[in-house]
Each structure stands twice: as structure tokens, then as C-alpha cells.
Amino acid sequence: MTAKRALLIWGVLTLLVISSLLSIWLWRGAAGFEIAIQRGPFTNLPVALASVAATWLLGGIFLHLLSSKQIDSKNALTWAGFFLVALVYLNLMRERVEYGDVEYYIAAAFKLAVEGVLPIDYYYPPLWATLLAWLAPLGEDGAFITIWFFNLLGLFAFYFLLSKTLELYGFSANLAALVTTVFMLANAPILRTMVYMQINLHVLNMVLLGLLLYQRYPALSAMTTAIAVHLKASPAVLVLAFLLEWNWRWLVWAALSFLVVGALPIVFYGFQPYLDFIRNTALVAAGHGLNFRENSFEGLLMAFSAVLSLPDAFVEIGTNIARAVLFVAAILVMRRNIQRETFFTGAEGARLFNTMPSLLILMTLASPIVWVHHGIFVGLSFLLLLKKLDSPASWTLFGFAYFFEFLLPTFDFFPWSYGRLVAPLIILWLMWKLSDKSSELFPKANCWAESLLMEKTH
Amino acid sequence: MQNKRILSITLTSWGGITLLVLGSLLFIGLRWGADGFEIFIREWIFTHLPTTLASVAITWLLIGWLLYLLYASKISVSNIITWIGFFLVAFLYLNVLRERFRYGDISYYIKAATRLFNNQPLPNSYFYFPLWATLLEFLVPLGEDRILLVTWIFNVISVFAFYFLLHRVLERYGFSPRLAALVTTGFMLVNTPILRTLMYVQVNLHVMNAIFLSLLLYRRFPFVSALMLALAVQLKSSPAVLVIAFLLERDWRWLFWFVLGNILIASITLIADGVTPFLDVMNNIFWLAGQRTAVFHDNSFDSFFSFPSEIFAVSSSLVQSLVYVSKVLLVIAVLFIIYRLVRTKAFLSGEERGMKLFNTIVPLFILMTMASPIVWVHHGIFLTLAFVLLLKKINMPGQWIWFGVAYLLEFIIPTFDFYPWSYGRLIAPLIILGLMWNLPEKPSELFIKANTWAENLLGQKIQEKYAK
């Protein structure tokens with residue numbers, strides 16, 4: 001009853017705020033907002049107001065959940081974790097004044113809208129730019145705040161999807177919530193994705209949906225995977241896992257979805273955006289600028305080449321060898337994980353679910369550019385290993401890898417800033433080494449987590 | 001035994017890598033001089049290189065510390081939640097601060113310190129006692145960037161210290177160690193005032209830590225306790241209000257130490273810069289008290305009542321009267337609550353020395369914050385105990401809702417400037433004061449259960465010692 005009354009008061013306050021905005025508008029027009037709303041120091045006003053509004057809405061959602069008794073001892077941890085993560089990021093985003101990378105998206109979208117072509121520094125398939133081109137009438141600021149808002153929704157969705165995916169892999173609901181919460185709270189790649197307004201969360205959400213829907217809704221699973229590939233080409237590597245299932249129905253849906261989603265840019269702008277995409281990808285694959293925080297094989301070898309004045313061929317040959325070795329290693333780990341059902345035991349989708357962790361590493365490290373924020377793609381590979389860690393040595397190795405990938409802030413200091421290249425390789429090695437181990441700690445942790453808010457343990 | 005060996009190898013490896021990094025820095029310096037660092041270390045867009053490298057170095061040191069704690073078996077079932085919470089908070093803030101590349105407010109401090117260094121009066125934008133400016137004055141020869149770096153590092157150390165001190169203070173007030181750890185972690189993870197304090201390189205965390213130390217050391221080390229409160233007062237004058245709580249104890253020895261502490265600390269400025277900085281500060285505070293400008297994220301009564309006078313035909317004397325009346329009412333309300341708390345000992349019961357202090361200081365934090373002519377978002381840190389200690393007491397759903405609303409407004413909602421809606425941080429402490437009005441003597445049942453639940457969290461049963 002009290003929660004219902006609180007929700008009612010929340011609704012009344014919301015209406016009051018909306019009507020105050022309306023009154024200001026009627027009273028003084030747009031100039032009135034400049035009187036009643038100030039811009040504080042280090043403030044991006046639209047972002048500040050949007051983060052406040054989102055926080056307020058979350059407060060309303062919380063009250064609704066309470067009043068409709070949708071929060072109980074079974075899901076209290078999941079909700080607590082969600083609100084904790086959401087509120088942390090909303091406050092962080094409010095304090096961010098300038099956002100990087102998003103300007104490339106907006107420039108590409110607006111160029112596409114006006115000229116029908118993509119600029120040379122846009123390395124993604126044309127879908128994202130096509131979708132953003134619809135925001136052109138809103139102007140750059142309008143497009144910016146819309147993308148900001150969708151990234152926020154992407155973050156919220158990621159919490160639930162990752163949590164559900166961990167459950168799919170055998171984590172209890174409470175353990176999944178705890179792991180997801182801690183993973184997301186201190187996480188350099190997620191933080192960078194948010195403050196650079198990168199597309200990664202949308203991509204990964206689609207990949208996770210592809211996994212979650214595979215058994216019950218194969219058509220939707222195929223569709224979301226196709227969207228992921230059209231948003232960022234690298235998830236195409238993951239299709240290998242689906243191929244191994246020999247699920248022809250899924251493959252047909254995937255091919256069909258791929259064509260349908262891919263047709264969207266063609267309908268509006270013809271084939272030119274795809275030609276631009278191919279040109280840009282070829283250019284970036286042929287070489288790019290040197291950054292010590294860019295953790296690809298190519299990046300590392302370029303840095304060595306620049307510092308030690310080695311020939312260009314060293315970079316090219318070295319990169320190709322490294323990628324070939326990575327590919328072979330990933331395939332071997334996949335094979336072993338399938339044979340031993342390392343991560344998932346079950347009739348349907350076992351090959352897919354067991355190969356996905358190693359393929360996520362291949363997808364990330366095989367790319368010609370590996371930025372810090374790409375680390376979120378290997379999140380699942382790391383977290384699933386928690387099921388297998390069985391000795392102090394394996395925990396230590398895992399801990400170091402996790403620290404380098406997710407906890408250490410990004411910096412540019414050759415060669416020490418290449419930890420994010422080493423970390424996924426450690427994880428791949430652990431996947432190989434621990435493939436037939438079963439951790440005693442994991443079932444205990446599952447049981448403990450389930451009993452946290454209950455009288456009896458399951 | 002095997003664990004110990006692995007940890008020993010890991011700690012050695014960590015040490016080896018640390019030495020290698022230091023060696024590489026030395027090699028670069030010796031081989032190429034300062035130019036070498038520009039080859040190997042780069043500053044990119046949205047990056048402030050000194051704080052970036054500092055955040056990476058501190059993160060690396062923290063992981064070394066964690067390894068040491070594990071190796072030395074200092075982490076056990078009894079304290080594991082405390083350590084998990086600490087490292088979570090520390091890693092979050094280090095990553096967040098790395099992504100901040102411009103810092104506000106620190107420029108006021110640097111300006112004040114530079115003025116003192118050049119034997120000039122303090123600028124009229126400096127409203128604290130001169131101690132902080134005097135201390136920073138010693139750093140002026142290093143240049144602005146290095147002053148920022150030093151104060152930034154001290155703020156990071158302070159946020160770490162705040163975690164442990166708040167944890168200890170909560171234990172002192174009857175929270176079990178694990179519940180204290182959980183509450184402190186949750187409180188610090190989502191906390192707009194702490195975030196703003198760090199991003200504006202404010203002194204609040206140092207002030208609050210000194211106050212916490214003053215409370216924690218009161219019984220065993222009264223001199224250090226008095227010195228700590230004197231330090232807090234000299235850093236930011238408003239904690240002087242808290243002396244009322246100590247006065248109620250009638251502990252004249254402590255008061256003597258407090259006066260002596262103030263004289264000792266003030267003498268640093270007196271020796272370095274003479275009496276003038278104190279006179280400048282007095283002038284600045286009087287000037288500030290006479291100002292009435294509405295900044296919508298300044299949550300003082302002064303700011304709240306000023307805006308209507310800027311828009312409508314409201315006389316400034318009426319505004320001034322409203323401000324004074326509000327503050328007088330606030331003082332009366334706080335004194336009344338103090339009177340009740342002395343009798344009921346609602347926050348901490350017992351017969352030992354210091355009970356009046358521990359009970360009455362809680363509402364005084366609200367007075368200290370709200371009576372100020374300026375109340376910025378980051379001042380919310382000073383309300384920490386006033387909010388968190390209520391968790392012991394609130395029981396009814398209605399009380400929880402009010403508490404939740406106040407908590408949302410004070411600590412969770414991001415800062416914004418929209419009159420009158422952005423004045424939630426003016427309302428929130430008043431709600432808390434309202435909730436303190438009629439507190440039961442005993443802790444709530446939920447709190448007792450939560451304490452027991454937290455202690456049994458990792459399977460260890462405890463006696464019902466927290467049910468008292």
C-alpha cells in the first residue's frame with residue numbers, strides 16, 4: 001500500500017515537472033528555459049538532463065516493481081545488481097562532457113544521408129550509418145543524444161542478457177546476478193564503450209540474444225546474429241559455431257536475415273555504401289596509425305618495428321603468422337571443448353555453446369584493430385572459465401588476465417600497455433588446459449548464492 | 001602449502017614486472033633523456049597523461065597489495081567482504097578518474113596557494129581557513145600540473161581511507177563488520193557527492209576522514225581526536241559546528257587539546273604567511289554571506305530563496321529574512337533533536353564515555369552542511385552518517401519510502417540546474433531530520449536481522465551479539 005502511494009506521488013511529481021516545462025514554454029518560449037535551466041561547469045546540458053530523467057524513471061520503475069510485488073527473494077539480487085550498475089553509469093555519464101568516436105558515426109550517417117557515400121574512416125558495414133542517417137533531421141546534437149540514450153538502454157539490456165546467458169551456462173540466478181554486477185561495475189572496456197559511445201554493446205547484445213534464443217526461437221536467433229554481423233563485421237567469425245551445429249533451419253534463417261537486414265542500406269542508398277565499406281576495410285587491413293593502446297598483433301608488431309626500425313615486411317609477416325597461430329589454436333581449443341563439453345552439457349546446441357567462448361577470442365584478436373573497448377567481446381570467455389578454475393595456479397593466471405583486460409585503466413606506454421593482447425591468450429590457454437577439469441568451488445558458489453536470501457539451500 | 005608457493009611465485013613475478021617497468025623508465029631516461037618518454041609514452045585525446053599514468057600505477061600497486069594480502073594470509077573468511085568491497089570501490093574510481101581529463105575547483109586552490117607564495121592576499125574566491133592554501137603553497141614551485149597530480153593522488157588515497165574509516169565508524173555504531181562492509185560498499189559505489197568531490201579535487205574527503213578519526217580515537221587517544229577535529233575545522237571551517245557534540249560531553253581535557261590543536265595547526269600559516277591570510281578569509285566569508293546569487297545546483301537556503309527575487313519583484317530584505325528564518329528554524333530543530341537524542345541514546349546506547357557525542361553528532365552533520373551559505377553537491381559527503389545510521393532505526397514501510405526518497409535526492413540523482421526541481425539536496429537532509437524526530441531507543445528488527453544475516457553470509461554462525 002505504501003509503495004503504491006509512493007508510486008502515485010512519483011507520478012504526480014513527474015507530471016508537475018512536465019507541466020512546469022510546459023508552463024515555462026508558454027510563459028517565455030524557448031528563452032524561458034534559459035532562465036529556469038542553467039548549465040553548470042563541466043556540463044553537457046542535454047546529457048545532464050537525460051541522465052537525471054533516466055535516473056528519475058528508474059526510481060519510478062523501482063517503485064512500480066515494489067508496488068506490484070515483482071521483487072521477491074528469488075530475484076532481489078538481480079534487481080539490486082541492475083539498479084546498482086545502472087545508477088553508477090548514469091552518474092558517470094552525467095559527468096562526462098565530451099564523447100569520442102560517436103562523431104565518426106554521426107559524420108558517416110550525415111554524409112550517407114546527403115551524398116549517399118561513406119567516409120574513409122568508417123570501418124563498419126553500412127547498417128549502423130543507415131539507421132543513424134534517419135536522425136539527420138534532428139541535427140548533430142539531436143543525433144548525439146539519441147545515440148547516447150540508446151547506448152544507455154544497451155547497457156541496461158546487457159546486464160540482463162549477460163546474466164541470463166550465464167544462467168544458460170549453468171550459473172544459478174543469484175550467482176549470475178552477482179558475477180554480472182561485479183563484472184560490470186569495475187570494467188574498463190564497458191566504461192570506454194560508454195564514454196566513446198561505441199556500438200559494442202548493441203553488437204554484443206545481439207550476439208547474446210542469438211545464443212539465448214537459439215533453442216526456442218531459431219529464426220529470431222538467426223536474425224539477431226545477422227544484425228550483429230551487419231553492425232560490426234567481426235561477429236561473422238561466430239557463425240562458425242552455428243555451422244558446427246549443422247542446424248540447416250537456423251542457417252537458412254540466418255542467410256535470409258542477413259540478406260533482409262543487408263538490403264536496408266541498399267534500398268536507401270544502393271550498393272555504394274557496401275563498396276565504400278569494402279574499400280575502407282581493405283585500407284585499414286593494409287595498415288593504420290600507431291597507438292600503444294591498440295592491442296592487435298599488428299599494433300604490437302608495428303610498435304616494435306617503429307621502435308627498433310624493423311622493415312615493414314616484419315609487421316606483415318609477423319601479423320599473418322600470429323593470426324594463423326591464433327586461428328589454429330582457437331580451432332584446437334574449440335575441438336577439445338566440444339569433445340569434452342567443457343562449458344555446456346546438453347542435447348541441443350552443445351557444440352554452439354562450447355565453441356562460442358574460444359570464437360569470441362578469435363573474433364576479437366583476429367581484427368586488424370583492437371581497442372580497449374573491444375574487451376567486452378571477450379567478457380563471456382572470461383566469465384565462463386569461473387566454472388573451471390580448480391587450482392591456485394589457474395586462479396592466479398585467470399586473475400592476471402582479468403586484471404589486464406578489465407581492471408587496468410587504459411594507457412599508452414610501449415611495451416607495457418599491451419596487456420590486453422596477452423590476456424585473451426592466457427584465457428585461451430586456460431580453456432585448453434582446464435577443458436576436462438571441474439571446479440569444486442563452482443557448485444558450492446552456486447549453492448551458496450542460491451541460499452543467500454532463502455531459509456533453505458536448494 | 002601449494003597455495004603459499006603459487007602466491008609466492010606470483011608476488012615475485014609482480015615484483016619482477018614492477019622492477020622491469022621501473023628499469024625501462026630508467027633506461028629511457030638515461031638513453032634518450034626526457035625526449036625518450038615522448039617516444040614510448042603518449043598522450044591521446046581525452047587523456048590527462050599525469051593522472052592516467054598515476055591511475056595505472058595505483059591500480060598496479062593495488063593488485064600487488066592484494067597479492068601480498070593473499071600471500072600473508074591476511075584475507076580470511078572474517079574480512080573477505082571488507083576487502084572485496086574495498087577493491088571494487090578502488091578499481092571503479094581509478095578507472096573513472098582515468099577517464100576524467102579536466103578537473104574543476106582545484107584551480108581556485110592553486111590560485112590561492114600561488115597568491116600566498118607570492119606574498120599576496122588570498123583571492124576573494126577562497127572561503128576556507130588558510131591551511132589548505134598554505135600546504136599547497138609549498139608545491140607552487142612544482143607548477144600547476146604537479147599540484148593537480150599531488151592533490152589528485154591525495155584524494156585517491158583519501159577515498160581509500162574513507163572506505164575503511166566509514167566501515168569502522170559503522171562498526172562503532174553497532175553494525176556487524178560484514179554489514180558495515182556491504183553498506184559502505186553500496187554507499188560508495190553510487191554516490192554523486194563522492195564522485196563530484198573526486199572530479200573537482202575537493203577537500204571534503206580529507207575533512208570527513210579527519211572527522212571520522214576524531215570520533216574513532218575519542219576514547220583512547222583524546223589528544224589525537226582533538227587534533228583531528230581541529231584539522232577538519234582548519235581545512236573547512238564548517239566542521240566547527242560539530243564541536244557542540246564534544247562540548248556536551250563536558251570533557252574539558254579534550255576541549256583544551258582541541259584549542260591547542262587549532263593553535264598548532266593555525267601556526268603553520270602564521271609562520272609561513274603571517275596573520276593576513278586569516279583576515280582575508282574573514283573578509284571573504286563576510287562577503288560570501290552577503291551574496292545572494294541563485295546557482296541552481298547550490299542547495300543552500302540562500303540560493304533557493306534568491307531566484308524568485310531575481311525574476312519577480314521580491315525585495316532582497318524579504319529574501320534575507322526568509323534565509324535567516326529558515327536557518328534559525330533549522331538550528332532549533334537540530335537542538336531539539338539533540339536534546340531527545342541525549343536522553344534516548346537512539347544511535348548508540350551504553351554508559352561509557354562519549355555516548356552524548358556519538359548520538360548528538362549525527363544531526364549536527366545536517367546543521368553543519370545546511371547552515372552554510374553555499375551547499376554544493378559534493379558537500380553531501382558530510383551527511384554520510386546522518387543518512388547511513390538511520391538504517392539502524394527505520395522500520396515502517398512509510399519510513400523506508402521517505403528515507404529512499406531522501407537518499408535518491410542526496411546521493412543518487414545526478415547534478416542538474418533546473419529551478420526548483422534541482423533543490424532536492426536541500427529537501428533531503430530535512431527529510432532525514434524529520435525521520436530523526438522520534439527515533440525508537442532500540443534498533444529496528446530488520447537491522448538486527450540484517451546484522452545476523454550478514455555475519456552468517458559466508459556460513460559462519462555468530463552469537464546474537466548484535467541483537468543488543
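When I say that two residues are in contact, I mean that their C-beta atoms, placed from the backbone, lie within 7 Å. With that in hand, hello everyone, and let me walk you through this structure, which is a predicted model.

Let's start with chain B as a whole. Its secondary structure comes to 21 helices and zero strands. If you draw a box along the principal axes, the C-alpha atoms of chain B fill roughly 70 × 60 × 45 Å. How does the radius of gyration of chain B sit against that of a compact globule, and what is the value? For 468 residues the globule would come out near 23 Å, and chain B has 24 Å, so the two agree. As for burial, 47% of the 468 residues of chain B count as buried. Now take the contacts in chain B with a separation of 6 or more: 71% of them join residues 24 or more positions apart.

Next, the domains. Chain B is divided into domain 1, residues 2-75, and domain 2, residues 106-464. Their C-alpha centres lie 35 Å apart. Where they touch, domain 1 of chain B gives four residues and domain 2 of chain B gives five. On the domain 1 side of that contact you'll find three nonpolar residues, one polar and no charged.

On to the two chains together. Here 49 residues of chain B are in contact with 47 residues of chain A. Which elements of chain B give two or more residues to that side? They are helices H1 (2-32), H3 (49-71), H4 (80-98), H9 (192-199) and H19 (397-412) of chain B. H4(B) gives the most, with seven residues. By type, the side of chain B that touches chain A divides into 32 nonpolar residues, 12 polar and five charged.

Now let me zoom in on one helix, H20 of chain B, residues 424-436. It has 13 residues and reaches 18 Å from its first C-alpha to its last, close to the 18 Å expected at 1.5 Å a residue. Its buried residues are B:Arg425, B:Leu426, B:Ala428, B:Pro429, B:Ile432, B:Leu433 and B:Met436. Why do we say they are on the same side of H20(B)? Because they cover an arc of only 170 degrees around the axis. Their cover includes helices H15 (301-311), H16 (316-344), H17 (355-370), H18 (384-388) and H19 of chain B.

One of those covering helices, H15 of chain B, holds B:Glu310. Is B:Glu310 buried or partly exposed? It has 14 other C-beta atoms within 10 Å, so it counts as partly exposed; being buried would take 20 or more. B:Glu310 and B:Leu385 are 75 residues apart in sequence, and C-alpha to C-alpha they are 35 Å apart in space.

Finally, over to chain A and its helix H16, residues 312-340. At 1.5 Å a residue, its 29 residues should span 42 Å, and the end C-alpha atoms are 42 Å apart, so the two agree. Buried in H16(A) are A:Val315, A:Thr319, A:Ala330, A:Val333, A:Met334, A:Asn337 and A:Ile338. What covers them includes helices H15 (297-308), H17 (350-365) and H20 (419-433) of chain A.

How values were computed
Residues numbered from 1 in each chain as written. Chains lettered and ligands numbered in written order. Predicted model: local features only at pLDDT ≥ 70, side-chain atom pairs only at ≥ 80, totals over all residues. Helix = DSSP H or I, 4+ residues; strand = E, 2+ residues; numbered from the N terminus. Nonpolar A, V, L, I, M, F, W, Y, C, P; charged D, E, K, R; others polar. Expected span 1.5 Å × (residues − 1). Buried ≥ 20, exposed ≤ 12 C-beta atoms within 10 Å, placed from the backbone. Arc of directions from axis to C-beta. Domains from an automatic or database assignment. Rg over C-alpha atoms; globule rule 2.2 N^0.38 Å.
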